[in-house]
Structures are given as structure tokens and as C-alpha cells.
Amino acid sequence: MKAIVFDSFGGSDKLRVAEIPTPEPHRGEVQIKVAYTSVNPVDWKIREGHLTEMLPHHFPIIPGWDAAGTVSAIGPGVKNFHVGDAVYAYARKPEVQWGTYAEYVCLDENAVAKKPKALSFAQAAGIPLTALTAWQALFDFAALKQGETVLIHAGAGGVGSMAIQFAKNAGAKVITTASARNHAYVTELGADEVIDYSQNSVSELIKQRYPAGLDIVFDCAGGSALEESYDLLRSEGRLVSIVGTPDPAKAEAANLKAGFVFVSPNSTQLTQIAELIDAGKVLPQHTTERPLEEAAAAQDENKERHVRGKVVLKVS
Ligand SMILES: NC(=O)c1ccc[n+]([C@@H]2O[C@H](COP(=O)([O-])OP(=O)(O)OC[C@H]3O[C@@H](n4cnc5c(N)ncnc54)[C@H](OP(=O)(O)O)[C@@H]3O)[C@@H](O)[C@H]2O)c1
């Protein structure tokens, strides 16, 4: 099969197109013929060697943790899928090696769900990693409730685009940050209030407008967004970051529940998310397509941190 691989850590020039053996599904696994994968910041972070302390890595590595495609074979014991099913998946495995920038990937069926019917394969490929991250941060960690007010940093990104919609759909008031070029986009997704972080001090504006404090801050930006969050929240508010680890002493001093969330594969949640999408309650992100062969340029573009929504790679 055709795949993008790299053989050592480094820049995007390490990525090359290769022909490698097609993987066969083991017990409990489905083989997916990948139609589209998507580009996430974690792809270039892995390529540069930044995740070696979190997960074991083995070369050659095929990047990519998102897939949308069709089940092409099933291993023994698979219960929920048949050959021909249209599916999508968040494909993180316990060890980093066989990712989704490839014509085929084999995954535990517990990582896979039926693709939202309303979406193309290209749109569906942008959903799993980002939507599960937003879901697990807002609901599993922060226990977002109807009527609460949440600040979502980096609303125009892949995760932010999903988080805005999940929070609105759950009945929250949503404040988000984005540069001016993305204000119409995040408003269309449902944001009630948008702050241009490049022109304003977000923390000063929030303190003026919400002196009693917010219920939740969801940090998808890191840096000062995280550092300035502690005194924006009410007592017993929740601070959840997917970029950095909140300081436990500062969280305790402000009486917050605070933590870092690392997204986990979850078939049940992907099915719930597909239902929301098919019910018209959640839209796919703004999606830009590129051919698989442009993986290096797509990762470089992602690293600039100004992609609106998602860039997806057409595999087959
Ligand atoms: N822990 C986990 O499990 C997990 C999972 C997913 C992602 N992440 C991490 O979370 C971060 C976001 O991921 P993503 O996929 O959403 O990234 P992304 O799609 O690449 O984010 C790009 C967006 O970020 C916005 N942005 C950049 N700097 C900003 C800032 N200082 N304040 C507000 N917005 C800013 C840009 O909007 P403008 O162009 O308007 O500036 C752009 O639309 C990344 O660091 C990623 O590695 C972690």
C-alpha cells in the first residue's frame, strides 16, 4: 500500500511516500481502506520527537491519528462492523508507528464508529480527534451544564470549532477567542461573544465583563491563555487545558478543578457525535482538501497555527 512515512525525527523534509505491506486485521480489529485522513498539530509534534515521553515510538512511523473510510476486512471476534461499512475513527494506539496517512489502517473496533451520514468522507476525517478532545474536555472533565458560561480559547481551530458547537448545544453561553478574519466563522458556529486575542488583553476584558467569574475555561491555545486563566473563574470553576498542565498550587489557591486532558479513543462517544451531526445540531469544521502527497506542506501550514477548521488529506 501507499503511505507517508518517516525514519527519524526532524523537519517535514523527513516525510516520504513509500510502498509498504498492507496490514492485516488481528482479533478484534477492523481494516479500514482510508479515503481521507486529517492533519493535527500532534502529527508534526510526533515527527519532531516531542511525544517520546508520553508514548513508545518505533520507526518507520506512519503519521496520522484520524481516518474516514470503508471497512475492507474484519479480524476474528469483531462484533459491530461489516465489510463495506462507512466509518470514521480516532486511531491513537498504545505505541506510535502505524498511523492513518496510509491507504489501509487496522484498528481495534472500540476506536471505530459509523461515519456521520450527513458528511462526506473528507468532512468526516476532520472530526474524530478534535471532537473527542472537545467532548472529553467539556463533558468528561469539566462536566459542563446548561446555563453555564464557558471561555473557549482558539475557537477557529479544529478542536475549538467542535467545542463551540458542543457547548452551545448543551445550553451554555460561549465566549471564544479568534483573530478578526475568523469572527464570522466562529459566530456561525454559535459563539455568543468573540474576542480578538491579537488586539486585546483577553483576561482584562473578561474581568471587566464577568466580575463574578466564569464557570469554565477551555484552553486550546496554551501559553498566556492558560497562565491568565486562574483568576477568570469563579470559586469551584473548572479550568481544562489540552495544551499545558495547569499549576496545581494556583488552582488550589483559586479553588478550581484544573487539569490537562489527553484525548482517548472512544467508539461510543464518536457514535453520539455522529448522531448530533446527523440531527443537524453540529456542523463539520471548515474543511480544506489536499492530496496525501502534500502531507509535508500541510504539516508545515498546521505548525503556523492559523488554519481555519481542518486540513484533510485525500488518500484514496
Ligand atoms: N491534549 C490533547 O489530547 C489534544 C488534542 C487535540 C489538540 N491538542 C492541542 O491543542 C491545540 C489546538 O489544537 P487544534 O487542532 O484545534 O489546532 P489548530 O486547528 O491547528 O488551531 C489553529 C487555530 O488556532 C487559532 N489560534 C492560534 N493561536 C491562538 C491564540 N493565541 N489564541 C486564540 N486562537 C489562536 C487560530 O486562529 P486565528 O487564525 O484566528 O489566530 C487557528 O484557527 C494544539 O496545541 C494541539 O496540539 C491537544
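**Note on the ligand shell, pockets and cavities of a predicted model**

1. Pro60 is found in strand E4, where a helix (H or I, at least four residues) or a strand (E, at least two) is a DSSP run, numbered from the N terminus. Phe59 and Pro60 are joined by a cis peptide bond, with omega about -5°. A further backbone feature concerns Ala143, a residue other than glycine whose phi is positive, near 50°; Ala143 sits in the loop between H3 and strand E10 (149-152).

2. This is a predicted model, in which local features need pLDDT of at least 70 and side-chain atom pairs count only at pLDDT 80 or more, while totals for chains, interfaces and linings use all residues. Residues are numbered from 1 along each chain as its sequence is written, and side-chain values use heavy atoms, with hydrogens and water left out.

3. Around the ligand there are 28 residues, and those that come nearest are Lys45, Gly158, Ser179, Tyr197 and His306; a residue is near a molecule or strand if one of its heavy atoms lies within 4 Å of it. By class, this shell holds 16 nonpolar, nine polar and three charged residues, where Ala, Val, Leu, Ile, Met, Phe, Trp, Tyr, Cys and Pro count as nonpolar, Asp, Glu, Lys and Arg as charged, and the others, Gly among them, as polar.

4. The side chain of Ser179 places an N or O atom 2.6 Å from an oxygen atom of the ligand, and a polar side-chain atom of Arg181 lies 3.1 Å from a ligand oxygen atom. From Val307 it is a backbone N or O atom that lies 2.8 Å from an oxygen atom of the ligand. Of the 930 Å² of accessible area that the ligand has on its own, the protein covers 89%; such areas come from the Shrake-Rupley method with a 1.4 Å probe, and for residues only the protein chains shown count as cover.

5. Helix H1 (41-47), helix H3 (128-141) and helix H4 (158-169) are the elements that give two or more residues to the ligand shell. Because domain 1 (2-127 + 285-314) and domain 2 (130-260) both contribute residues to this shell, the ligand lies between them; the domain bounds come from an automatic or database domain assignment.

6. On a 1 Å grid over the protein atoms alone, a cavity is a set of points where a 1.4 Å probe fits but cannot get out, and a pocket is an open set with protein on both sides within 12 Å along at least five of seven lines, with lining residues having an atom within 4 Å of a point. The second largest pocket has a volume of about 400 Å³, a volume being the space filled by probe spheres set on the points, which are joined across faces, edges and corners. Its lining has 26 residues, with Glu29, Lys93, Trp98, Cys106 and Leu107 nearest the centre, and E8 gives the most, five residues.

7. The whole structure has two cavities of 30 Å³ or more. The largest cavity holds about 40 Å³ of space, and E7 gives the most to its lining, three residues. The second largest cavity has a volume of about 30 Å³, and H1 and E4 each supply at least two residues of its lining, which divides into six nonpolar, one polar and one charged.

Technical notes
Polar contact = N/O pair within 3.5 Å; in protein donor to acceptor, adjacent residues only side chain to side chain.
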